[in-house]
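Okay, thanks everyone, I'll keep this short.

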Amino acid sequence: MITFSIIGNGWRTPFFLKLMEELPGQFRVAGMLARNPEKGAAITQRWGVPTFTTLDDLLRAERPEFVVTSVPWAVNPGMIVECVERGL
């Protein structure tokens, strides 16, 4: 089973969540970073994926094999730096 996490809830996010849903024995989303708690609650309710408001909280809960970023272009480089600094 491949375990990954998703950072952000941009337009790409449902594609990755659908992958998890369609291939439950092969892929699992360990958690998702959603800085807005209300949006995070909606994601958890719809997809059953735990959400976190910080990257550190997400990584404390479970260490994914990799992360997928689904954030705006301007935010993505900084988020990638944060992930690399944490060993992802």
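So, F4 and F27 are both buried, where buried means under 20% relative accessible area, exposed means over 50%, and partly exposed is in between, with a 1.4 Å probe and protein chains only. Quick housekeeping: this is a predicted model, so local features need pLDDT of at least 70 and side-chain atom pairs count only at pLDDT 80 or more, while totals for chains, interfaces and linings use all residues. Residues are numbered from 1 along each chain as its sequence is written, and side-chain values use heavy atoms, with hydrogens and water left out.

Now, how many aromatic pairs does the structure hold? Three. For the rule, rings of Phe, Tyr and Trp (its six-membered ring) pair if their centres lie within 6.5 Å; planes under 30 degrees apart are stacked, over 60 edge-to-face, and the rest tilted. Helices here are DSSP runs of H or I with at least four residues, strands are runs of E with at least two, and both are numbered from the N terminus. Ring pairs also join F4, F27 and F66 into a cluster.

Then there's W11 with F15: centres 6.2 Å apart, planes at 90°, so that one is edge-to-face. Are these two buried or exposed? W11 is exposed at 63% relative accessibility, and F15 is exposed at 55%.

Next, L58, over in helix 3 (residues 55-61). L58 is buried, at 2% relative accessibility. Leaving out residues up to four places away in sequence, L58 touches S5, I6, G31, M32, L33 and F52, contact being heavy atoms within 4.5 Å. L58 and A30 are 28 residues apart in sequence, with their C-alphas 8.5 Å apart in space.

A pocket, on a 1 Å grid over the protein atoms alone, is an open set of points where a 1.4 Å probe fits, with protein on both sides within 12 Å along at least five of seven lines; lining residues have an atom within 4 Å of a point. Here 13 residues line the largest pocket, and G8, N9, L33, R35 and V71 lie nearest its centre.
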